[in-house]
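Colleague: Could you take me through this model one feature at a time, giving the general idea before the case at hand?

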Amino acid sequence: MNAVTGLEEKLRGSFRYLAEGQPVGTLHGALLTSPLAHATIRRLDVSAARSLNGVHAVVTAADVPSDFVMGTAILDRPPLARGKVRFQGEPMAAVAAETQEIANAAIALIAFELEPLPIVSAPGDALNEGAAKLHDSGNLCSSFIYSRGKVDADFEECAHVIDHRLTTPRQVPAAMELEGGICIPSPTGIELRAATHSPFYTRSLIASMLGLPERDVRVIGSPIGGSYGGKEEIHIQPVLALLAWTARRPVRLILDRPQSMAFATTRHPFEIALKIGCDRAGRLLALAADVLVDNGAYASFGPEVLDTGMECIQSAYAFRSVKLRGRLAYTNNGVGGAFRGFGALQTLTAIELAVDILARKAGHDPLTFRRINLAGANDPGPLGQAIIPQPELPKVADALSSLPAWRDETPSQRYLSGTGYALVRKGEGFAGGGPNGASGVLALTLDGQVMFQSSLVEMGQGLETTVRNTLLATFDLDEADIGCATGSTDAGADSGPTSASRGTQIALRLIRAGKMPFLEKLYVGAAEILQVPMDALRLGPGGFYQRMAPQNKPDLSLSDLAASAGEIVTQIGIPGIETMQAGANVHTLFTTCAARARVRIDRWTGQVACTGLDLLPACGPPISPVAFQGQMTGAGAQALGFCLTEHQPYEEGTVMASNFDSYFIPTIADVPDVNVHPVTWLAPDDPVGIRGGGEIGLNAAAPAIANAVASALDAAPTHLPVRPEWVLDALARQGRTP
Amino acid sequence: MNAQPTYVRPADVEDAISIKASLGPAGIYGCGLTAAQLGWGVKGPEQTIIDIAGLDLGSDVCLADSGSMVLAANAPLERLRLDPLISRQLPWFAEFLRYVGSTATRNQASLGGNLLWGAGDLEVLFAAVDAKLRFAGNGRAQSLGPTVSDQPEDLLISIIVPALQGQRIFVEKLGHRQAFSPSRVVVAGCVGRQSARLAVRLAGHPVATVETPWPMNWPLDDALFAGNAAPYLKSAAHNLLRGHLAQLAQRDMA
């Protein structure tokens, strides 16, 4: 069964995002955003806007409690700029009016005066003494330090040492659905319909801002028309809620694409300097890494992104000693935030490039080199933490080595080709401290459906399909007997964020944990009604059957059971799989993936095309193969963008690409067939079950593509996306231009 | 917020010319306009657009007795791409159209609009084959080039592609990705037995055209590569031209 939520509507083009179903009488919202990247707000006069006929609300920072700021590890972001603006496109005021035209006219009537401040446009400059400070605390948002073993001595012992530097792009989520939503107030609360990965977190935040009890805030967070992490952030929900609560009318607010390109959180650009070395046998001995991250104007998920990147910088390999330093700097370049791959993508790409360089220098082929340096199944995690054992690592390496050879390409004077590999691992879920646990509900509803309720969010990843497939398999029921409610606070059970590849894993663990207690309740109820012992019954399609008197229809239908016994509910809670470690945020569960990529390089133009991509995710057996393939294909496309086409440049704090005619996401013409070879084996004593496939394909695909470029050119990229200019230069240096 | 442009839709060619005469510089001819919107930025043009999309400018494609092809200025690009006569007579044009805009853009954008827009990819190809623009009124035919205004006073009626017997045509666009991307470089060449006509546009620069004897005297004429263009664009354009010409030369030798 591969039911897709809203399939018919999607095929017919009638599917609606949350911001598109506004009730009659809904007001239209508009934002005033900062034209400057860094300035003091000297004056913000909304009186003329307020007095415009048809305007029902105008809000500024003055309407937000003065101590209300947003963030995760660091709370530093007001929903509307307070006192100063820190990036171009930062909201300063918002309007709700009878029509969009009136709202826009009101925005134009807002008088403001901004006094420019020096712009901090490079993370290195941001940390220099004397740099203009974005925040009172200074421009160092967060830092990371870790060392293990004697790095200097180990480098002395190395037979081969290489240095490599890599800068990575500011990638834009580029979701089809723009940030927006509808908020409907009632006399005592609000209903907020806006995409989010975490309805309960959004509820808590909005309730706190409005001074409402959480029970009076209802959040509907899905379906989502693409997020990739961009909607994990709180986006315009607080401003929308503020407008509706102030106007006492439903309000719809949605960004346009240029606003989104400036406002949406992006992937953090990393500047990574690596030094690694190995002995004569090719065993990795030492790693030294220095990482500098452009965080943009507010912390958002930056500290977690830095920590995850630093945790993953050893990839799946066992270094004897490491010395790591990471710094996250505030700049006026938009806001970096959660993005599929979450810091790991950047550092994994760098280390996998470095591993290939070192392998070549040491005279090993890259696959053998990876194989002999894999971390042991029962080794501690990269930062010395206890982790779930990874016996799958050698199996993934073997699968990578066993891929059938590419078909030979026709020899050409114009094109070069190259093949690259990667083998990576990344922590799944959140680091110690979570939120890692989750709640959910299994219920027999009054209309006789076995329903799984959670606040996990469907965002196109196939969560609901996977849940439905699992319910069918778990309870041996018919499709009509099961249901799934996700994506809102209605579930009454906080399942935590649908982030960090955890959604599917959590849903399946919840169902597994709830199965026996829920079944027991069903069997008790059925046995009572049918007046037979429980072990004389069997749950099957449509209801309960008596084992000794088989019939072609149930002896007690689920709806009859519900009619007699009432709603049967099992609350489920699962603990987080997490390790707390002093001084570092560490993951306990790691997911592994390998990749092989082939590129074709045009010697005339320097353009790079990816012509083949194999992904080998070790996530266990896919529950919904089509959804899994979709996740992996999308990962391949996003990796391609990261490596070859996508970058949001800023010049002196000014966003340079405000639409998709100047920001180039790969199209279907750029993406090769992505061949997925799932490594389905799970250790018999594996305590978790399947792993999520949301990010790991991307994390492996990108370094494989980068390594394929390096292989074709005999020169490893130092800057992503790979620019054709650099390719032609590299060819010219080698005398290989036409 | 985009300003909404003002449109007028003339009944026929005479009406269009009359409207233009009455509006003077305050009116511009337009057709399809999807492509032109890329150049509008956040604001539409201030002039009134005299929309010629619905005018009868003759068949989209005509094969003249002389062997030249006459293409209607307001023919949508996608219709031209799918036209059987184009596929037979000008296959290089049909093939290249796949790389001009997206299908949706080509459904709206017209040949004349692409040629006069100032940044259209087809201008390079049509300059290489020395196509002529025929305007209403005095019936004059003009080559593509710097003297053609992107907002001509006269109504462009048709484009004439000369008979190209025995000539080899190549054209290539370098964008930012495989599909639907603004061009960084477009090169084209029309190579005959005695001479070759080459055309190049580097992003942000006008089309440069050069006539050269064939077989060629290397190196390529520097005039093809705009002086202040980025070095990469020059290198890529140079490589593309040299590569295509070398392939043709090899075939000639074979």
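Modeller: Let us begin between the chains, where helix H18 of chain A and helix H9 of chain B cross in the left-handed sense. Please keep in mind throughout that this is a predicted model.

Colleague: At what angle do the axes of H18(A) and H9(B) cross?

Modeller: In general, two packed helices are described by the angle between their axes and the distance between the axes. Here the axes of H18(A), residues 724-733, and H9(B), residues 231-253, come within 10 Å and cross at roughly 65 degrees. H18(A) is therefore roughly perpendicular to H9(B), as angles of 65 to 115 degrees are counted in that class.

Colleague: Which residues of H18(A) and H9(B) meet?

Modeller: From H18(A) come Pro724(A), Glu725(A) and Leu728(A), and they meet Tyr232(B), Ser235(B), Ala236(B) and Asn239(B) of H9(B).

Colleague: How many residues does each chain bring to the contact between chain A and chain B?

Modeller: Chain B contributes 22 residues and chain A contributes 20 residues. The area buried between the two chains is about 1,800 Å², with carbon and sulfur atoms giving 58% of it. On the side of chain B, the residues that lose the most area to chain A are Arg177(B), Gln178(B) and Tyr232(B), which together account for 35% of what that side buries. Tyr232(B) is also one of the residues of H9(B) that meet H18(A).

Colleague: Turning to sheets, in what order do the five strands of the open sheet in chain A lie?

Modeller: As a general point, in a regular strand the side chains alternate between the two faces of the sheet. In chain A the five strands follow the order S9-S17-S16-S15-S10, with mixed pairing. The edges are S9(A), residues 140-148, and S10(A), residues 160-167, each of which pairs on one side only, and the twist from one strand to the next averages 5 degrees. S9(A) is joined to S17(A), residues 321-330, by eight bridges in the antiparallel sense, and Phe144(A) has Gly326(A) in S17(A) as its bridge partner. Helix H9 of chain A, residues 302-312, packs on this sheet and touches S9, S15, S16 and S17 of chain A, its direction making about 160 degrees with that of S17(A). Helix H10 of chain A, residues 344-362, lies across S10, S15 and S16 of chain A, and runs at about 150 degrees to S10(A).

Colleague: How far apart are the axes of H9(A) and H10(A)?

Modeller: Their axes are 7 Å apart, and the two helices pack at an angle of about 25 degrees. H9(A) and H10(A) are therefore roughly parallel to each other, and their crossing is right-handed. The contact joins Thr308(A), Gly309(A) and Cys312(A) of H9(A) to Ala344(A), Thr347(A) and Leu348(A) of H10(A), a set that divides into three nonpolar, three polar and no charged residues.

Colleague: In chain B, which residue takes a positive phi in the hairpin of S4(B) and S5(B)?

Modeller: That residue is Gly67(B), whose phi is near 95 degrees, in a hairpin with five residues between the strands. S4(B), residues 61-63, and S5(B), residues 69-72, run antiparallel and are joined by three bridges, with Val70(B) as the bridge partner of Cys62(B). S5(B) also pairs with S8(B), residues 156-161, in the antiparallel sense over four bridges, and there Val70(B) has Ile160(B) as its bridge partner.

Notes
Residues numbered from 1 in each chain as written. Chains lettered and ligands numbered in written order. Predicted model: local features only at pLDDT ≥ 70, side-chain atom pairs only at ≥ 80, totals over all residues. Heavy atoms only, no water. Axes fitted to C-alpha atoms, helices over the stretch in contact; angles between N-to-C directions. Parallel < 35°, antiparallel > 145°, perpendicular 65-115°, else oblique. Left-handed = near helix turned anticlockwise from the far one by under 90°. Contact = heavy atoms within 4.5 Å. Pairing = 2+ DSSP bridges. Buried area = accessible area lost by both parts, 1.4 Å probe. Nonpolar A, V, L, I, M, F, W, Y, C, P; charged D, E, K, R; others polar.
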